[in-house]
Amino acid sequence: MSVIAYEELLPPGGPPMPDVLSLLGDRATLSGQPPFRIEAADGGALAAYRRLRHQVFVREQGLFTGTDRDDRDDDPRTVVLVARSADGGVLGGVRLGPATDGPDLGWWYGGRLVVDGAVRGTRGVGPALVRAACAHAEAAGALRFDATVQVCNEPLFARLGWDRVREVDVAGVPHTLMRWPVRRVHDLVEATKAPLGLLLDAATGPPGAFGGTGFVGDDGAPVPGSDLVAACDAIVPAMVERDPEWAGWCAVLANVNDLAAMGAEPVGLLDAIGARNTAHAGRLVAGLRRAADAYGGIPLLGGHTQLGVPGSLSVTALGRTAHPVPGGGGRAGHEVRLTADLGGGWRHGYRGRQWDSTSHRSTPELRAMLGAVAAARPAAAKDVSMAGVVGTLGMLAEASGCAAVLDVARVPRPAGATVGDWLTCFHGFAVLTTGDAGSDPLPAGPATGATCGELVRGEGVGLRWPDGEITAAITTTVTGMGDA
């Protein structure tokens, strides 16, 4: 059976297609529709936006002589959002895009916000454009979003949640630099790590619990009276249900990375599996086995299996080292280094959240990364966890009794990841280490390392940008567990 589109019933060259809601007489829905829509500008809308800018900024306000065009208008990365009326007319627009030349560093700038005088201050076009610009910048991976606004518009931006930074001068006229508080890192930390301190305070244990003195907050725990280190990770149930082989792989990956960050050699794995049926359990076991073999034949020692239940998976790993490297061994003045495997790409179905660099690696490559911390023995090391690079750096700094500053432009990053995604995702292999200036890099095989920050006095994590500005990503401790 063929399907005929409604448009095909209209005669060629006739009047435009009537609105379906109008044809149905749905007056209630029609009356509730917004008087404009916001969208990325196409060719015609872009030209109309630029004409409107010229009318307002050059002719009406006299901010510019001749033209208000600049280099940002010719940058192919620049985005223009416009507000269009029901008949397609451009009521206003705003321009935004990366603030620096070269690679997008996650620092975006907004500007040239303009609204047609006929609707200015009456329909909420300006506020809607500002909100849309914030959403677009965050979706593009920005962790810093600035705008210079005319002094008369500062109250509007303040009402919308922007922070005042300082006075600036644009075209000889006083403006205010405003900053949108991007909360991506803060919200991730709050969701994944912030409750830990309170939870552990309520679960008092014997001496040596939760890592023991010197290792509180580490992902692995030295077993008292031995050279064993134990680590345990559970996989998100949704992943266990929909992608069991990958869940099995990640359960091994997460645990051996935790051991590797402490300089421990993995010696065995235990698993606890919950599955709907034997087929589901078999797929989980297949993922576990494939990963254990890829990492050099790590023994699967046994565990527990429960069938006829919702999917669940946790793995406990045992490793050996006589001298574990702590996550809280840093001190103010230490350099911070990120060593990460930039190969691979986003895991299908987890774009922006899970970077798969390991499933295509050979066993020698994987083993080189696992042995890097043990070989280099930095002062402190921590595997990048679900809190992302920034959140994990916050945990390392907290355990070290310090704050941290991360140089965004110096962070090793693959071309296929935005800064916002890369600094908040789960990596296949990424470890943060600290040491004195000039310390040797980690011999981590295919992974890439770079010094990209330092530990300083205080609490939290700041992001340092190419203009020298430091914005707060985390303002306090991450877990509340305190010094190691």
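This is a predicted model: local features need pLDDT of at least 70, side-chain atom pairs count only at pLDDT 80 or more; totals for chains, interfaces and linings use all residues.
1. Helix α11 covers residues 278–294, a run of 17 residues. From its first C-alpha to its last the helix reaches 24 Å, which is close to the 24 Å expected at 1.5 Å a residue.

2. Both ends of the helix have a local feature to look at. At the start of α11, the backbone nitrogen of A279 has a side-chain oxygen of N277 within 3.2 Å. Just after α11 comes G296, whose phi is positive, at about 105°.

3. Which residues of α11 are buried? They are H280, A281, L284, G287, L288, A291, A292 and A294. These buried residues pack against helices α9 (237–242), α10 (244–261) and α12 (363–370). They also pack against the strands β10 (265–275), β11 (300–307) and β12 (312–320).

4. Two of those strands belong with the helix in one unit: β10, α11 and β11 make a β-α-β unit, and it is right-handed. A reader tracing the chain can follow it from β10 at 265–275, through α11 at 278–294, to β11 at 300–307.

5. Strand β10 pairs with both β11 and β12. With β11 the pairing is parallel and runs over seven bridges; in this pair, L270 stands opposite G302 of β11. With β12 the strands run antiparallel and are joined by nine bridges; here E265 stands opposite R320 of β12.

6. Elsewhere in the chain, R112 has a phi near 50°, a positive value in a residue other than glycine. Where does R112 sit? Its place is in strand β4, residues 107–115. R112 counts as buried because its relative accessible area is 17%, and the cut-off for buried is under 20%.

7. R377 also has a positive phi near 50°, again in a residue other than glycine. This arginine lies in a loop, between α13 (372–376) and β16 (380–383). Is R377 buried or partly exposed? R377 is partly exposed, because its relative accessible area is 41%, a value between the 20% and 50% limits.

8. R112 is in a strand and is buried, whereas R377 is in a loop and is partly exposed.

Notes
Residues are numbered from 1 along each chain as its sequence is written. Side-chain values use heavy atoms; hydrogens and water are left out. Helices (H or I, at least four residues) and strands (E, at least two) are DSSP runs, numbered from the N terminus. The expected span of a helix is 1.5 Å times one less than its number of residues. Buried means under 20% relative accessible area, exposed over 50%, partly exposed in between (1.4 Å probe, protein chains only). Contact means heavy atoms within 4.5 Å. A polar contact is a pair of N or O atoms within 3.5 Å; within protein, one must be able to donate a hydrogen and the other to accept it, and residues adjacent in sequence count only if both atoms are side-chain atoms. Two strands pair if DSSP finds at least two bridges between them. A crossover is right-handed if, with the strands pointing away from the viewer, the path from the first strand over the helix to the second runs clockwise.
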